[in-house]
Amino acid sequence: RESDHRAWTPVSYTVTRQNATVQGLTEGKAYFFRIAAENIIGMGPFTETTKEIVIRDPITVPDRPEDLEVKAVTKNSVTLTWNPPKYNGGSDITMYVLESRLIGKEKFHKVTKEKMLDRKYTVEGLKEGDTYEYRVSACNIVGQGKPSFCTKPITCKDEIVPPSLDLDFRDKLIVRVGEAFSLTGRYSGKPVPKVTWLKDDIVVKEDDRTKIKTTPTTLCLGILKSAREDSGKYCVIVENSTGSRKGFCQVNVVDRPSPPVGPVIFDEVHKDHMVVSWKPPLDDGGSEITNYIIEKKDAHRDLWMPVTSATVKTTCKIPKLLEGREYQIRIYAENLYGISDPLISDEMKAKDRFRVPDAPEQPIIKDVTKDSAVVVWNKPYDGGKPITNYIVEKKETMATRWVRVTKDPIFPSTQFKVPDLLEGCQYEFRVSAENEIGVGDPSPPSKPIFARDPIAKPSPPVNPEAVDKTKNSVDLSWQPPRHDGNGKIIGYLVEYQKVGDEEWKKANLAADSCPETKYKVTGLTEGLTYKFRVKAVNAAGESEPAYVPDPVEVKDRLEPPELILDANMAREQHVKAGDTLRLSAVIKGVPFPKVSWKKEDHEVSPKADIEVTGVGSKLEIRNTVHEDGGIYSLTVENPAGSKTVSVKVVVLDKPGPPRNLQISEVRSDSCYLTWMEPEDDGGSVITNYVVERKDVASAQWVAISSSSKKRSHMAKYLMEGTQYLFRVAAENQFGRGPYVETLKPIKAIDPLHPPGPPKNLHHVDVDKTEVSLVWNRPDRDGGAEITGYLVEYQEDGADEWTKFQTVPMLDCVVTGL
């Protein structure tokens, strides 16, 4: 219950623990509480708190103070500030305790001795150079709370603060002439910064009109009675050892303009009006000219009459004039700040002064190409009438007649591109002006020009090198320049320099003497070393030189011979009989080698044409025959060595005649032929043999075989008893060779053998000096009719038989015994 109420309010009926939380109380009020135990029988007596309890949060020590900051540091003091804790622990803060710790020590020491409630404190009496860190705690009636977070280590030394600058003026300031203006601001920094004022990057110095005032915290630049020359870009620089700050202001001191610039030019003069022009003022007063005020006056009167005040151009038409009267014109310039003093013209009479335009000045020619040029001229006086056309003429320098370049009008442009020029020709140009009165005199002729594309000097030649040398000369070679400057390369200048000398000597005096990309420098001294360089030349001049990379020692160069064989010098060369044999090779070597051709180690045939040039040699034989085949060799030799190459030449022809034709096995209707292959097959394989026969009584040869590849043949179908001749020829892919023929006819008969012995020889009669003999015919006659019998006798005991006679019959009487 509340202490001032008597009624009790139940809090809970279900509490089984020995504690309970009472909610819904009002802060600051006093309450009594009571508690009773209860079981199933009932509730026991209440126990009551002895004294009232005031409801409020429990009191604790304060939280740690916040935002401890160092505000200032000197060599012997540190000033700190902080904010109170977020929570004071339920009781008011009674004091703050500030502590410090010397870096290197462990303990914090109290700095404040008196009871301090201010949240700012300056610690004094420190030693310069010492480094401390600080913390602060808050106290209430309960006690001292947690200390704040420590500051960073702070070294006692005079504080350095970069300059700051706060300006009272904007980027731009406009001031009327004669008025004063000032540029002010505030600044700070430690050490105290130096203040410098600049105008257009030049230091401002005080004088009668210029005042500069600087205090430790403020700065000011003042100008009294400003003038136009005070316009400019002002800059204030605040600078100390830590840096600098700058402020800028563009001051524009404005005034009325200066007068327009004369003289007044009368561009046109007529009987009732004039056209005048002038130039703008030299000083527009710092503000753009808004308009010009033009007035006119009769020269014999004092009254100025307005013409216009609205023109912004520097030309104006003066109307409503009386013919024959003289007039003056005056012109004012006006801007936002006033009107200038006037520009007054000379007197001019109002009358027509019409004539043809004056001759223009000498025209200028530019942008010349091979077929065109641009003619530029200035507008001449128009004679009082506006120019309506310009006439441009051209002529070749050596010609006498001027030719108009176009019939179309040229106006108002004061330049014209003349087309259709002939490349390489020299031209002059002139210009005439035309108005409604007529055509004026022509200008002086322009300077002569050649019709050709503009050219520049060429780039240097590319990759010059020494390609050969002798004891008194060096051969150079190079590539053309990458850029010819749009002009034809006339040629090249070659220069040389003896190593050690400074002077370059010309190898050729004129570029056109060396139009090719090579040159032989002669007249050099054997054994010396030279440098070389080459320049390309066109009509615009010489290019930069290109140098041969390395110096060259002048001496004879020895290179052993080298043979580069052409295709016709392969290992074996086949030529058809009757065609031309060509053998050739490229020959190198320094000095150039001696060349010799051989065939089978002998001189070549006189019919061979041999040619030797500076780069090679060639052997040629026309209408080749089989005998031209063989091993041909080419030998090249110089003091550095020699080299030989050989080629086998085969002349392809018909084969030679077969050899050793033999006839055997003669029969009454056939015989067998054999032969050997020709000694010469013509360079090609024998494809077949042709066999022919002929009756000795006939003039016609008859082929009996034309496709045989064998070296033998059986001649059949002969007429028995007929005599025949035979011949054989060999063939290859190039034709049929000559025939070989049998030396004597062959008779077609069967072969003959000796007859068998007579049979049954016996005597039929005997006398003292003779014996009669008889016998029978032999069993075989040997293939021919028996023509007779030879009878011989032998004395008993002797070795030899003695012939008696040959008898045709089967009997004989041997006498003389």
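This is a predicted model: local features need pLDDT of at least 70, side-chain atom pairs count only at pLDDT 80 or more; totals for chains, interfaces and linings use all residues.
**Aromatic pairs**

I started with the rings. A pair of aromatic rings is described by the distance of the centres and the angle of the planes, so I looked up both. The structure holds 15 aromatic pairs. In one of them, Tyr-132 and Tyr-134, the ring centres sit 6.2 Å apart with the planes at 35°, so I logged the pair as tilted. I then checked burial for both partners. Tyr-132 is buried at 14% relative accessible area, and Tyr-134 is buried at 0%.

Where do Trp-504 and Tyr-547 lie? Trp-504 is in the loop between β39 (491-498) and β40 (505-506), while Tyr-547 is in strand β44 (residues 546-547), so the pair ties together parts 43 residues apart in sequence. I found Tyr-547 to be partly exposed, with a relative accessible area of 45%.

I also noted a cluster: ring pairs link Trp-377, Tyr-390 and Phe-411.

**Arginines over rings**

I looked for charges over ring faces and wrote down two. Arg-34 lies over the face of Phe-46, 3.9 Å from the ring centre. Arg-64 does likewise over Phe-149, at 4.5 Å from the ring centre.

**Cysteines**

How many disulfides does the structure hold? I got zero. A disulfide is a covalent bond between the sulfur atoms of two cysteines, so I looked up sulfur distances. For Cys-139, the nearest cysteine sulfur belongs to Cys-150 and is 16 Å away; the cut-off for a disulfide is 2.5 Å. Cys-139 is buried, at 9% relative accessible area. Cys-156 is in no disulfide either, and its nearest cysteine sulfur is again that of Cys-150, 16 Å away. I have Cys-156 down as buried, at 1% relative accessibility.

**Annotated spans**

From the record, I took the UniProt annotation "domain: Ig-like" (unreviewed entry), which covers residues 163-252 and 561-646. I checked what each span is made of. Residues 163-252 are 0% helix and 64% strand, with the end C-alpha atoms 28 Å apart. Residues 561-646 come out at 0% helix and 62% strand, and their end C-alpha atoms lie 16 Å apart.

Most residues other than glycine have a negative phi, and most peptide bonds are trans, so I went looking for exceptions.

Two cis bonds went into the notebook. One joins Gly-262 and Pro-263, with omega about 0°, and Pro-263 is in strand β21 (residues 261-269). The other runs from Phe-411 to Pro-412, with omega near 5°. Pro-412 is in the loop between β33 (403-404) and β34 (415-418).

Then I turned to positive phi. Lys-225 has a phi of about 50° although it is not a glycine. Lys-225 is in the loop between β18 (218-223) and β19 (232-240). Is Lys-225 buried or exposed? At 64% relative accessibility, it counts as exposed. Asp-367 also has a positive phi, near 50°, and lies in the loop between β30 (364-366) and β31 (373-376). Asp-367 is exposed, with a relative accessible area of 54%.

Gly-816 is exposed, at 68% relative accessible area. Its C-alpha atom is 5.7 Å from that of Thr-769, 47 residues apart along the chain.

Definitions and conventions: Residues are numbered from 1 along each chain as its sequence is written. Side-chain values use heavy atoms; hydrogens and water are left out. Rings of Phe, Tyr and Trp (its six-membered ring) pair if their centres lie within 6.5 Å; planes under 30 degrees apart count as stacked, over 60 as edge-to-face and the rest as tilted. Buried means under 20% relative accessible area, exposed over 50%, partly exposed in between (1.4 Å probe, protein chains only). Helices (H or I, at least four residues) and strands (E, at least two) are DSSP runs, numbered from the N terminus. A charge sits over a ring if NZ of Lys or CZ of Arg is within 6 Å of the ring centre and within 35 degrees of the ring normal. UniProt positions are given in the numbering used here, feature names are shortened, and annotations may be inferred rather than shown by experiment.
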